[in-house]
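Have the viewer open and follow along.

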Amino acid sequence: MMEKTQAKPLTAAQQRQRDKKRRTWLRTGVQLFFFVSMPGAFVAGFSGVKQIFLHIGAGEVLSVDSFTLSLLGLCGFTLLFDRFFCGYACAFGSLGDAVWALSGLIQKKLFHRKKQLRLPERAVLLGQKVKYLLLAWLVALYVTRQEKMLTGASPWEVFSRLTALHLPPEGFGVGIGLLVLILLGMAVQPRFFCQFLCPMGAVFALLPVLPFAQLHRDGENCIPGCSACAHRCPVDLKLDEQSLRSGECIACEACVGTCPKGNISRWDLALGKNFWLPMLAKAVLFFILVATIGLLQLSANRKKEVQQ
């Protein structure tokens, strides 16, 4: 009886490639889960910003509602786990990843482009500043009680309605037009909205992140002239420092999966060989956080109904 031939062990390069594919599929699965289950988390978070500055503009005492709780929850989670929300749980960001991937497939299959079309680096670096100006303008409108100027012009409100399977009402022509332009931008630049136009992204970028939540790179062990991590980064970070902390980083961990030497790490990634464990653990924690906020608000609404 012939002995079964044993499978050859994978080389280090093959193992890295397999782990990279698994990491990509796992992240896609997490993004799809949050896209379906919590598509309005982004809108709820920024509505918290809106409520706070509307109260400030009116000289009113700040109240804790579901929107404010959502904002505080998102900011607190970002302090502890960096911009995990942006990289994995934001429906608008996930939409951007899907459009970018589809654009790359079309360019490759129909136009036979070996390298996907994207904006020049200088334009990207300048464009990343726009979201801070947009945030400042929105805050100014809320403080001065001029928010009615934005009625029907919000692309993320249009997107929120669509993900809830509702068509935008009349008067949202500007918002629909802006959403279409953003989708076109997503096709020529990864994370177009996140990098250039996301006001919540500006809020997150201004937040400090605890040192243990930051990615670090062992630069001394890098291959000279490699730059694989920089080429893979969707937000065009330079990645030339030992600490990779940057407000623009969306914590997608693409650099971690693409490094041929495994030089990029964080404390949770170093706990074991199972790269999926930290990712799923943070996903579960985020789900529990959002579900808890929802239950608290539901309980508060019921108490109001009883009192009335």
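Burial comes up a lot here, so the cut-offs first: buried means under 20% relative accessible area, exposed over 50%, and partly exposed in between, with a 1.4 Å probe and protein chains only. Helices (H or I, at least four residues) are DSSP runs, numbered from the N terminus. This is a predicted model, where local features need pLDDT of at least 70 and side-chain atom pairs count only at pLDDT 80 or more, while totals for chains, interfaces and linings use all residues. Residues are numbered from 1 along each chain as its sequence is written, and side-chain values use heavy atoms, leaving out hydrogens and water.

Start with helix H11 (residues 199-206). Seven of its eight residues are buried, so the rest of the structure largely encloses H11. The buried ones are Pro199, Met200, Gly201, Ala202, Val203, Phe204 and Ala205. What do they pack against? Taking contact as heavy atoms within 4.5 Å, the partners are H2, H3, helix H4 (84-89), helix H7 (130-143), helix H8 (155-163) and helix H10 (192-196).

Two of those partners also meet each other. Packed helix pairs are described by the angle and the distance between their axes. The axes of helix H2 (residues 41-58) and helix H3 (residues 66-81) come within 7 Å and cross at roughly 110 degrees; axes here are lines fitted to C-alpha atoms over the stretch in contact, with angles running from 0 to 180 degrees between N-to-C directions. H2 and H3 are therefore roughly perpendicular, the label for 65 to 115 degrees. On the H2 side, the residues involved include Ala41, Gly45 and Ile52, which face an H3 set including Phe67, Ser70 and Leu74.

Is Gln107 buried or exposed? With 9% relative accessibility, Gln107 counts as buried. A polar atom of the Gln107 side chain sits 2.8 Å from the backbone nitrogen of Leu117. Leaving aside residues up to four places away in sequence, Gln107 touches His112, Arg113, Lys115, Gln116, Leu117 and Ala187.

His112 deserves a stop too: its phi is positive, about 55 degrees, although His112 is not a glycine. His112 is placed in the loop between H5 and helix H6 (121-127), and counts as exposed at 64% relative accessibility. Ala251, also not a glycine, has a positive phi of about 60 degrees. Look for Ala251 in the loop between helix H12 (228-232) and helix H13 (254-258); with a relative accessible area of 6%, Ala251 is buried.

Technical notes:
Polar contact = N/O pair within 3.5 Å; in protein donor to acceptor, adjacent residues only side chain to side chain. Helix = DSSP H or I, 4+ residues; strand = E, 2+ residues; numbered from the N terminus. Parallel < 35°, antiparallel > 145°, perpendicular 65-115°, else oblique.
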